[in-house]
Amino acid sequence: MDYDLIVVGGGPAGLSAALTSVCYKLKTLVIDAASAGGAPTNNFPWKIVDNTLGFRNMTGKQVADIFVGHIKEEGVEIKENESIENITRDDAADEILVETNKNKYTAKAVIITIGVLGKPRKANVQGENLNGVNYTLTDPNLYANKKILVAGGGDTAVEWAVGLAQAGAETTIMHRKDVFRANEKNQNDISQSKVKILWNTETKEILGENNRVKKVIFANNLTNETKTEEFDEIFLALGNVPHSDFLEKIKVKTDERKMKIIVDETMRTSIKGIFAAGDITQKWLKIPEAIGEGGYAGICAYKYIKNPYWA
Ligand SMILES: Cc1cc2nc3c(=O)[nH]c(=O)nc-3n(C[C@H](O)[C@H](O)[C@H](O)COP(=O)(O)OP(=O)(O)OC[C@H]3O[C@@H](n4cnc5c(N)ncnc54)[C@H](O)[C@@H]3O)c2cc1C
């Protein structure tokens, strides 16, 4: 057996699970397909984190760096840029096999904390593969003085648009409906920003020059009126394709839409020895919940592994 516990996903939930695990002296490995830190590192490194007690006025990257630094100081082994492709239980050996794109590992227990972001949803329009079409925003300051189009109407789209405008970009947001699906703070921020809003509008085609974004053709979906406008960069915030295929492959029990792993009150999934926590169990979808649930999954996994001698 390589490890006592393998944590699949190194976001706030996974890191918190790993902290509990290592505090209880379990041999612990965290594996992440991208950089450890999860969504705060990979999806909103520049944005101020709200809701997280003790981390006032800090960006996603600052908060995530503290999480990751803490875990590393505790001696947890972290493998980054390594994607888990399958997880199977071997009943005879009473162990879990974790297969990645690089290696195979065995553990007594696994905690799945892969979040909900999966892959960014595509717009499926001509020109989407041109340079200058983006699905993440790593630093709005890189786009100061540029002319930017953001497509989408959720919290992410609104936060990107506001962040870009604050960084000095001439920013337009385009949404196919006439109201944002964003929280009150974000609605308020955008109403007070310089962002130009195009309601009921959808991208029809992206036109390029030298393989780079040049213009966007968009249409009002009520009037069918089309317009063409020049932009330097386009940011598509159209949501994410969930981890459904992966969840189906590992045969863990999910909700009907295959978006959420079903866990019991001790974070156990339908497969013995496999636990889940954080966004993938879909409750609040915020960092404090991920930390709390991850830590709790860690202690539940510990009890399972030790078959609690002290309970
Ligand atoms: C734009 C944006 C802004 C947000 N702002 C806030 C905020 O201000 N305050 C707040 O509290 N919350 C915020 N959230 C939500 C918060 O980021 C999440 O609730 C939290 O990160 C969930 O933690 P998690 O560990 O469950 O998942 P995640 O942070 O999503 O981490 C999951 C990790 O699993 C990895 N992974 C996925 N699949 C695999 C695989 N097959 N193999 C290996 N690794 C894999 C991913 O690379 C990722 O690092 C925001 C989210 C977004 C997208």
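Two strands count as paired if DSSP finds at least two bridges between them. Keep that rule in mind for this predicted model.

Take strand E9, residues 147–151, and strand E15, residues 233–236. Four bridges join E9 to E15. That count meets the rule of at least two bridges, so the strands pair. They run parallel.

Now widen the view. E15 and E9 belong to an open sheet of five strands. The order is E8-E15-E9-E10-E11, and the pairing is parallel. Strand E8 (133–134) and strand E11 (196–198) are the edges. Each of these edge strands pairs on one side only.

Another open sheet has three strands, in the order E12-E13-E14. Here the pairing is antiparallel. The edges are strand E12 (201–209) and strand E14 (226–230), each pairing on one side only. On average, neighbouring strands of this sheet are turned by 25 degrees against each other, direction ignored. Eight bridges join E12 to strand E13, residues 212–220. Glu202 stands opposite Ala219 in E13.

Turn next to the ligand. Which residues are the closest around it? They are Gly9, Gly11, Gly38, Gly115 and Gly278, out of 37 residues that surround the ligand. Helix H1 (12–23), helix H2 (39–42), helix H4 (155–166) and helix H7 (287–306) each supply at least two of its residues. By class, the shell holds 17 nonpolar, 14 polar and six charged residues.

Note on methods
Residues are numbered from 1 along each chain as its sequence is written. This is a predicted model: local features need pLDDT of at least 70, side-chain atom pairs count only at pLDDT 80 or more; totals for chains, interfaces and linings use all residues. A residue is near a molecule or strand if its C-beta atom, placed from the backbone, lies within 6 Å of it. Ala, Val, Leu, Ile, Met, Phe, Trp, Tyr, Cys and Pro count as nonpolar, Asp, Glu, Lys and Arg as charged, and the others, Gly among them, as polar. Axes are lines fitted to C-alpha atoms, for helices over the stretch in contact, and angles run from 0 to 180 degrees between N-to-C directions.
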